[in-house]
Amino acid sequence: MAEKLNQKQNFLKGIIKDNPVFVMLLGMCPTLGVTSSAFNGLGMGIATLFVLLMSNIVVSLIKSQIPAKVRIPAFIIIIASFVTIVEMVLEAYIPFLFEQLGIFIPLIVVNCLILGRAEAFASKNNLISSIIDALGMGIGFTIALTLLGAAREILGSGSIFDLRFVSEDANTMILFILPPGAFIALAYLTLAFNRISTKTS
Amino acid sequence: MSKKKSTFLNMILALFVITLVAGLSLGYVNDLTKGPKAKAKLERKVNALKEVLPTFDNNPVEDMRKIASDKAKDSIEIYTAYLKDRLAGTAVIGSSEKGFSGLVKIMVGFKPNGTIKNIVVLEQKETPGLGTKMKDDKFIKQFRDKDPSTYNLKTTKDGGDVDALTGATITTRAFGEAAQMAYDVLIEHAKPQKN
């Protein structure tokens, strides 16, 4: 029973208490770079979730076989392989998303969230805990990116998931789909998130 | 749980095995996705051709010609479409490196007399919500049924006839340049029949 409760906490910490974007501020490059629309945020979140899950599984399985001094290069090779697989599969089967995410797919390799979880969690914990950790963190990351993308899309393009709710000619706050808008939107979302989570706990 | 000691041999062995497995699995996935990747690319091309050309009954992808040009990095592709053995239209891929974030690649469909039938954007990395509006019908509309020999493909700001996209003049310029390249290639290599 206690074990089960722990796993639940393990899962939830990635979404709320240690949310990778709003609390730990990890993986800022894709967070700021691709979230110009809710769909892009969601796509990037899911791609990252997959890589994170696979790398946590593999790292957790072979952790006792990796000498400590070469663990970082070993992790990077594992992560880079899964990213390349994601890239090839996306290009072959979901070319639309592949085009949208573009340069940010290969950059998942250097997303510090993934290396961070491999180093801080998967290399120290068993398989089940690592899977749950990856799912929690990945879903937390996806939610954050989708929220940020949605906020920027609503303000900047007057649409949500490509559905326009203002007329073609309406002047929207273009600033929010440009890079500075990413910083502004992220700051306010982080503020709101931490406000709410400290109040409720 | 005992960690492997970081001896020289252990480190080499661990990295060797990991890279070997990674390399093999990547090769395998590459083989698996090679077919679908090429198919997805071809499908995109055929769909684009259908959009920019009048009805045709041949396979323009098979009849594609590649022309080397000093203006574009790669050779320029020309697709000729026929309907009942008569020229139905020509599609040319034009590109410009001067987009807001680099390459803008468009496919321009010309009617046999050299007027533009339609344009689709093939590749772009422009700003979402600003430059990406060049894909919208509202923007493309102003090119349809225009003859580039009389219709200046530059923006009104530069003395041309094209209304620039709000906040995306650079994108509009690149788009015009790519369209102009497509037209120049058409004139040079697939003479339109003026009547």
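Trainee: Is B:Lys84 buried or exposed?
Mentor: B:Lys84 is exposed, with 8 other C-beta atoms within 10 Å. A residue is buried if 20 or more other C-beta atoms lie within 10 Å of its own, exposed if 12 or fewer, and partly exposed in between, with C-beta atoms placed from the backbone. Please keep in mind that this is a predicted model, in which local features need pLDDT of at least 70 and side-chain atom pairs count only at pLDDT 80 or more, while totals for chains, interfaces and linings use all residues. Residues are numbered from 1 along each chain as its sequence is written, and chains are lettered from A and ligands numbered from 1 in the order in which they are written.

Trainee: Where is B:Lys84 found?
Mentor: The loop between strand E2 (76-83) and strand E3 (86-99) of chain B holds B:Lys84. Helices (H or I, at least four residues) and strands (E, at least two) are DSSP runs, numbered from the N terminus. The phi of B:Lys84 is near 50 degrees, a positive value in a residue other than glycine.

Trainee: And what is the phi of A:Leu25?
Mentor: For A:Leu25, phi is near 50 degrees, again a positive value in a residue other than glycine. A:Leu25 lies in the loop between helix H1 (2-15) and helix H2 (28-33) of chain A. With 14 other C-beta atoms within 10 Å, A:Leu25 is partly exposed.

Trainee: Back to chain B: which residues is B:Val61 in contact with?
Mentor: Leaving aside neighbours within four places in sequence, B:Val61 is in contact with B:Leu42, B:Lys45, B:Val46 and B:Tyr79. Contact here requires that the C-beta atoms of two residues, placed from the backbone, lie within 7 Å. B:Val61 and B:Lys45 are 16 residues apart in sequence, with 8.1 Å from C-alpha to C-alpha. B:Val61 is found in the loop between H1 and strand E1 (65-67) of chain B, and counts as exposed with 12 C-beta neighbours inside 10 Å.

Trainee: Now the interface. How many residues does the contact take from each chain?
Mentor: Chain A gives 29 residues to the contact and chain B gives 29 residues. On the side of chain A that touches chain B, helix H4 (71-93) and helix H7 (127-157) each supply at least two residues. The largest share of that side, 12 residues, comes from H4(A).

Trainee: How do the residues of that side of chain A divide?
Mentor: They divide into 17 nonpolar, 9 polar and 3 charged. Ala, Val, Leu, Ile, Met, Phe, Trp, Tyr, Cys and Pro count as nonpolar, Asp, Glu, Lys and Arg as charged, and the others, Gly among them, as polar.

Trainee: What about the largest nonpolar core: how many residues has it?
Mentor: The largest nonpolar core has 50 residues, and those with the most contacts inside it are A:Val51, A:Ile78, A:Ile79 and A:Val86. Such a core is a set of buried Ala, Val, Leu, Ile, Met, Phe, Trp, Tyr and Cys residues joined through C-beta atoms within 7 Å. The elements giving two or more residues to this core include H3, H4 and H7 of chain A, together with helix H1 (8-52) of chain B. H4(A) gives the most to this core, with 11 residues.

Trainee: Which residues does A:Ile78 touch?
Mentor: Not counting residues up to four places away in sequence, A:Ile78 touches A:Ser55, A:Val58, A:Val59, B:Ile18 and B:Ala22.

Trainee: At roughly what angle do H3(A) and H4(A) cross?
Mentor: The axes of H3(A) and H4(A) cross at roughly 140 degrees and come within 9 Å. That makes H3(A) oblique to H4(A). Axes are lines fitted to C-alpha atoms, for helices over the stretch in contact, and angles run from 0 to 180 degrees between N-to-C directions. Angles under 35 degrees count as roughly parallel, over 145 as roughly antiparallel, 65 to 115 as roughly perpendicular and the rest as oblique.

Trainee: And how do H3(A) and H7(A) cross?
Mentor: The axes of helix H3 (residues 38-62) of chain A and H7(A) come within 8 Å and cross at roughly 165 degrees, so H3(A) and H7(A) are roughly antiparallel. Their contact has 19 nonpolar, 11 polar and 2 charged residues.
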